[in-house]
Amino acid sequence: LLSPYTNGGLLNPTGTTSAVTRVDIPHISGVWATYAAEKTAGLPRPAWKPKTAAGQQAVFLEFKEIVGDLPVHQITREKMLLYRDKVSRLPTNRRKRYPGKNVAELLNTEIPADHLPSARTVHERLVQIGAFLKWCRETKGYLTSDPMAGVHVESNSRSYAAFTLTDLKRLFNSEKYERGQHSKTCQFWVPLIAVYTGARQSEIAQLTTSNVIEEDNVWLFAVTDEGEGQQIKTRAGVRKVPISSKLIGLGLLDYVASLKAVSEKKLFPDLPRGTHGWGHKVSRWFNDTYRKQCGIEPDPTGCRKVFHSFRHTAITKALSANAASLAHCQQVFGHEKSMLGETATYMGPFPVATLVPVIEALDYGLDHSSYKNAWKIYANALKKASPRLRSS
């Protein structure tokens, strides 16, 4: 017996509605399997790498545990509001903290406030499930309306603040810089690259010597996920970033040449990979130690100043300088080109030479003259340690 949807029939990918037997309406577990397969086997490259796929799968399994393995058309806005409210009451790291307890049991357990997820975490889960439901609606036609409409979470978490000029002087005219006292090469270079590129800490930390190249007479960083262990947050994150004349003046290219001379592949051979990727260790050093040593205080509005503030600083500086179009800035900083509508679909990357003004606008008037040759100290230290580093 043919029986239509209760609200008028199933919307096909063509945009038409048709009556469908109840047995033909798939459940979310089967649809998710198809969705995940597309994401992990996409061409020319998968949208999800193994680590991302594992994280997405964990979020989905929790989603299914909360709402049930329903036929897709039964996922409504009311169901998503219920999911949002329940997931905000479930502890983070629940498998380790509360082994053996299912969702129903946890929802009846008094969970300490510091075990509950942040608003940002709940938001990210809504985004992940929302992307799946959007695919169900727009690509497969399993939904006739958007169950995520109006389903959001208010975030009261403090955002990041850009560094002030006073902050930057404290960071880059400290004794550590002026006397060549950093204990690791990465501690010298990574903050400098961050402030003069606005790149993410993980993007910088995972760079290799082969990621420093010359193209059309412009030296640049190739930010990519092609190398072993390299990951990029979004597809827009794969990009070419011109190297600032400030970094070249500090001997960056000479430093790279010295690493290649001893067959060193990593740009920062003394930076070990952390629990949460290549940027973890340098971020912890900066946020927990160096920032405090330099006396960097939170913004008066309560916003945090951490390593990620370099990105805020650079983006703010570039946009305020009006050195290039918004689209050029977005390409440099690894953001999707917005406000271009359908045009963005057909537009390729801008030539790297046209991006140079964005990078050269990142001039804060800092004086690096006292350590313009300090790269040699760190390069020589690496040469002595390189056999140990390569065998560790």
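Trainee: Hi! Which helices do the buried residues of α6 pack against?
Mentor: Hello! In this predicted model, the buried residues of α6 pack against α1 (28-40), α2 (50-67) and α3 (77-87).

Trainee: And which residues of α6 are buried?
Mentor: The list is A119, V122, R125, L126, I129, G130, F132, L133, W135, C136 and R137.

Trainee: Nice. How many residues has α6, and how far does it reach?
Mentor: Helix α6 covers residues 119-138, so to speak its 20 residues, and reaches 28 Å from the first C-alpha to the last. That is close to the 28 Å expected at 1.5 Å a residue.

Trainee: Let's switch to D167. Where is its place?
Mentor: You'll find D167 in helix α7, residues 165-172.

Trainee: Is D167 buried or exposed?
Mentor: D167 is buried, because its relative accessible area is 5%, and under 20% counts as buried.

Trainee: What does D167 touch, leaving out residues up to four places away in sequence?
Mentor: On that count, D167 touches I296 and K305.

Trainee: New topic: at what angle do α14 and α15 pack?
Mentor: Helix α14 (residues 309-321) and helix α15 (residues 326-333) pack at about 160 degrees, and their axes are 10 Å apart. That angle makes α14 roughly antiparallel to α15.

Trainee: Is the crossing left-handed or right-handed?
Mentor: α14 passes α15 in a right-handed crossing.

Trainee: Which residues meet there?
Mentor: From α14 come R311, A314, I315, A318 and L319, and they meet L326, C329 and F333 of α15. By class, this contact has seven nonpolar residues, no polar ones and one charged residue.

Definitions and conventions: Residues numbered from 1 in each chain as written. Predicted model: local features only at pLDDT ≥ 70, side-chain atom pairs only at ≥ 80, totals over all residues. Heavy atoms only, no water. Helix = DSSP H or I, 4+ residues; strand = E, 2+ residues; numbered from the N terminus. Expected span 1.5 Å × (residues − 1). Buried < 20%, exposed > 50% of the residue type's maximum accessible area, 1.4 Å probe, protein only. Contact = heavy atoms within 4.5 Å. Axes fitted to C-alpha atoms, helices over the stretch in contact; angles between N-to-C directions. Parallel < 35°, antiparallel > 145°, perpendicular 65-115°, else oblique. Left-handed = near helix turned anticlockwise from the far one by under 90°. Nonpolar A, V, L, I, M, F, W, Y, C, P; charged D, E, K, R; others polar.
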